[in-house]
Amino acid sequence: MIAEPNSVVNLLNHKENGIHEEIVPESTAQNGSCLRNGSVKTFKGKRKIREQCENRRQNSSSSRRSNQPQNGDVVEAVTLFEVVSMGKRAMQSVVDDWVEAYKKDRDVALLDLINFFIQCSGCQGMVTAEMFQSLQNCDVMHKMTETFDEETGLQYKKFMAYPWILTVTWPVDMNNEDYPLIRAGSYWKKFKANFCEFTAVLIQQCQRSILYDSYLADTVISLLMGLADSTVRAFRHTSTLAAMKLLTALVNLNLSLDASKRNLERLYEVEKNRTTGKRTNSRLDQLEKKRKEYEQKPLEIENMMNAIFKGIFLQRYRDVIPEIRAICIEEMGSWMKIYPCTFLNDSYLKYIGWMLYDKQPEVRLKCLQGLQGIYDQKQLVSKMDLFNSRFKDRIMSMTLDKDHEVAVQAMKLLVLMSENCEDSLSSEDCETLYQFVYTTHRPLAVAAGELLYKRLIVQEIEMEAFSKRNGKQEPVASQLKTLIMFFLESELHSHVTYLVDSLWDWSMSLLKDWECMTALLLENGEDQKEALSDAQERALVEIILATVREAAEGHPPVGRGGTKKIMSTKEKKIQVEDSIKITEHFAVVLPQLLAKYSEDAEKVTNLLQIPQYFDLDLYGTGPLEKHLDALLREVKAIVMDHCDMDVLEGCSRLYYILCNEELPTHNKVALARTELVDELVDKLNQLLGTFLNEGEGLCAEEDGIHCLYSILRRITAFHNAHDLSKWKLYDKMSELLVFELERSCLPVQIILPALQCAYFALLWQLASVAKKPPSKENLFVLKTHLRHYCHICACYFSHSNRDAREKAFMVLCDFLMIVSHQDTSDDETLGLLEYFPSTSLQSKMLLFIQDHIFTEGKDKDKDLAEEEDRKKNDQKLDILHTKRCLLAAYCKLIIYNVIEMTAAAEIYKHYMKAYNDFGDIIKETLSRTRHSDKIQSAKTLILCLQQLFQKHVESQGGGRTDPFSASFNNIKELARRFSLTFGWDQVKTRESVAMIHKEGIEFAFQGAAGMEGKCPPPNLNFLMILSEFSNKLLKPDKRLVYSYLLRYVPDPALSRGDSWHSLGWYRTSLLASEEEESSAAGSLNEWPLVSVAKTPFKRKFSEGSLHKSHHTETTNRTSDIHYSAHLPSLSPRSSKRLKSHNSCLQEYPPLLAAANLRRKNSCQVIIKIEEIPSEDTDVDVVSADQET
């Protein structure tokens, strides 16, 4: 019998002598006698039993007591659970002490061990034990129950732990899923490790004696089986872990017995073969006796293993708790690896195969890790044929698992299968797996890179017989060609950086062999069969650039790898060495490569990016200086020969890198750049002079146009990265642009770079002003240039060419964004440069958006030839991308208050119609504007709906609108979509939603003055649209909005018929529940009378103070005017008792203060509102409106 164990939670708070435990052995526990909470129930021999119990407990725990200072603050470990959980002693000594206690009194020691397992489950209750007297007792099975006592609130579990029947009692809250094995923290992780270690050491220390006494093992196994059968998760989890570790320890023990048995047999044979004179019969008899013992022990161990496997594993490997399933599968994988002769067969492998389909990733992960241990050993793979044929496809599919770690381990398993299991993966399977080198998840890509390198690149080269024509370079060249062919066949040319990164960990020496790579590019190709094709050369250049970048930066490419890792000292040293190696090699080879491929724009573009990874402190000094001169000559020749923008920007970037003032290359490169720009500007001046003088005569000369076009593109590319202000390029560009506006004779190839170059020129002037403020005269000139350029761009909105219009708009948007956000706080003179677009310019930009983004086919007559060419070239996606860029640039101006927010109303109109193409941009604009100004954003939304409603009214002929027409329903659906953008946080959006209702109510009752309620206002149906936002109001705000609506409601006697249906619809949306209806007007049998003719158009929501520290209450009064029965009725009243509306007001702070709404005829709105102080700031929408 075991007394109440101490709570695991309070383990660390135990004081000295604060742990009391009563353990009653078999001799004193007859007839179900038990000890509870340290006290004994009344029976004979009470004192004697207590003395025996104390003596036995002291004997069993005296060896485990720690000799600590008796200061009252030191925990004294008494029970096994305390010793193991604290972990202050070596586990072997703890188990040895328990074994000694077992040899002295096995009942007490066993009960201590049983108590240990119960306490490890986190049980805070009590365990009692009674002796099982007879195997023929028919009532035993009826006692094996697990019940709940509703009166006491306790749970009972009674089960067999032979030779006892144990009863565990615990409170119901034990099912709260909080027990040691799942608790977080380093302490509990250590406890779990100690728990597993204790189980393993227990078998190890008991193997020579008490393990085979047919008592210890039977009791422990029956205990664990009983706990594993419980409905309580803590019992099942703890007992399953203990049982699986116990079985693992038995497997190890059986393995060691097999080894000892083989050694003993060899020794027996040696003794037997000795001569008769030297042989002693006693020695042989001893060996024979030991051999029989070794033959008997494995049989007993097998019985124990079978009992645990059948009694616990087969029940728990499919437990509802994934942690329990994972434990079973993890341990089975270890059994198969360490003891394959018994467990590595199809009878056991099927369990792992089945669990590959488990829904929980941690279980699938344990299956894969267990299989990796098997496939890692070639001698075990021969037994996996049937498993491969049955589950290979499942493992292949797991590389696409939604859990990244499972996918990675599946790929690693397939790599092992490819290495150690021949023909397990077909060529089609490998080709599928190779493509994972392009995935964004780097661990999975690296695992696929291992397969690609070992299976394709290395293995094929080993199979080939080649002559070493170039010595050591021949194998590397063959591997590089294989890699190039794979890259070209995969047809993912823009992902070469991902391919290189995937192979980097496995083939670093190959990818860093830049000497061999450049040798392949520079060879003359005398042997046409071995020479690289043009596509292969292009791919090799891309691979070179990717490997140089990977070596120099030392981190994965963008989109793979997340945050940059902190490099170790060794990695930094390797990075520096690689950078020096790159500089020394490519400083010599790069000019040669540029000279050979100077006509190929794509190859030149990639080669020009290599110098940015040089160690520039070494470049331009010593023996590398002459190679710098060669590089500058080649780059200048490329600039003068090419007009491709990518090539020109690459050259410009190269000059920018080498022109750093801190580098030794600065003077030489700066001089070369100046000479190059002088030459380009001189040619430009000559061409412009001839062109401007001759007028339209030069337009027909294609050579002259091409020359001017090429020069402009070269200058624009250099002006992007270099300050060319001293050449005064803006004056030349503006003169050319104005000439086009007057004559309309320039081709678009000249207009586009001219607009861009003028834009760069102004930006460089602004940058120079920020560094060194000039005089006011120069600032005035610059401000004039800014306004002049904006005017030129606006004029180009109406250009006949679509590309010119789009370029002008895009440049203007970027330019306005920069100019309107100049920092003028440090210098007041810089305030002269502040520029915001005028109203006319904003109107032109909005009209451009309407015509070019949301209007289709309007310019078919103008640009028919261009549109046909685009359709022929299948450029619809490019057109859509351009439109998205234009819309995003314009919306950015709205978000940052460069353009008035009301301009967004025109864009919001197309939210539904153009949702597939531009919905994300419009939604982001709405979110950003709401974040910057809630009130103005709400006004913009309601303005959008008002304009659409007015357009609908005009389409109906200006008369009564049809609320059931298709166009009206579209507006209503758009309002519903807008309401969804407010999300679920009603407190956060209450100001915006309240403003929408306020503006909507005022708009709905426009024109009601003078009608005296004889007919509904013309915009009354707008209330149906407004009702889509009612569900976003808080309950107190609904009543306030409803009170605001009552100001505009006319005489109910005149408000009858279907024409007022919209009013009832909107009122019902505000008062959807009886609680709100009751709290809003007390009894809605009455309606307040409002004289609309005497009411001004604009009204305040409330007149009271917003911030009051005390509670105020408006007197609840009843109107004398009865509610008309002809108005649409509200929802039926409920017979249930309604709560006070004050409870709603206590949940949220009031939006508006309560006040009496007075009228000339003394009609008052009857609403009882209690203003409650709140931590949140109260909001007055009307006041905010007036301030804006």
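The following legends describe close-up views of a predicted model.

**View 1. The second largest cavity of the predicted structure.** Seven cavities of 30 Å³ or more are present in the structure.

**View 2. Helices around the second largest cavity.** Two or more lining residues come from each of helix H6 (186-206), helix H7 (216-228) and helix H8 (233-272). The greatest contribution to the lining of the second largest cavity is that of H7, which supplies four residues.

**View 3. Helix H4 within the structure.** Helix H4 spans residues 106-120, a run of 15 residues. From the first C-alpha of H4 to the last, the helix reaches 21 Å, close to the 21 Å expected at 1.5 Å a residue. Of the 15 residues of H4, 14 are buried, that is, under 20% relative accessible area; the helix is therefore largely enclosed by the rest of the structure.

**View 4. The two ends of helix H4.** At the start of H4, the backbone nitrogen of Asp107 lies within 3.2 Å of a side-chain oxygen of Asp105. Just after H4, Gly122 adopts a positive phi of about 80°.

Methods. Residues numbered from 1 in each chain as written. Predicted model: local features only at pLDDT ≥ 70, side-chain atom pairs only at ≥ 80, totals over all residues. Heavy atoms only, no water. 1 Å grid on protein atoms, 1.4 Å probe; cavity = no way out; pocket = protein on both sides within 12 Å on 5 of 7 lines; lining within 4 Å. Points joined across faces, edges and corners; volume = space filled by probe spheres on them. Expected span 1.5 Å × (residues − 1). Buried < 20%, exposed > 50% of the residue type's maximum accessible area, 1.4 Å probe, protein only. Polar contact = N/O pair within 3.5 Å; in protein donor to acceptor, adjacent residues only side chain to side chain.
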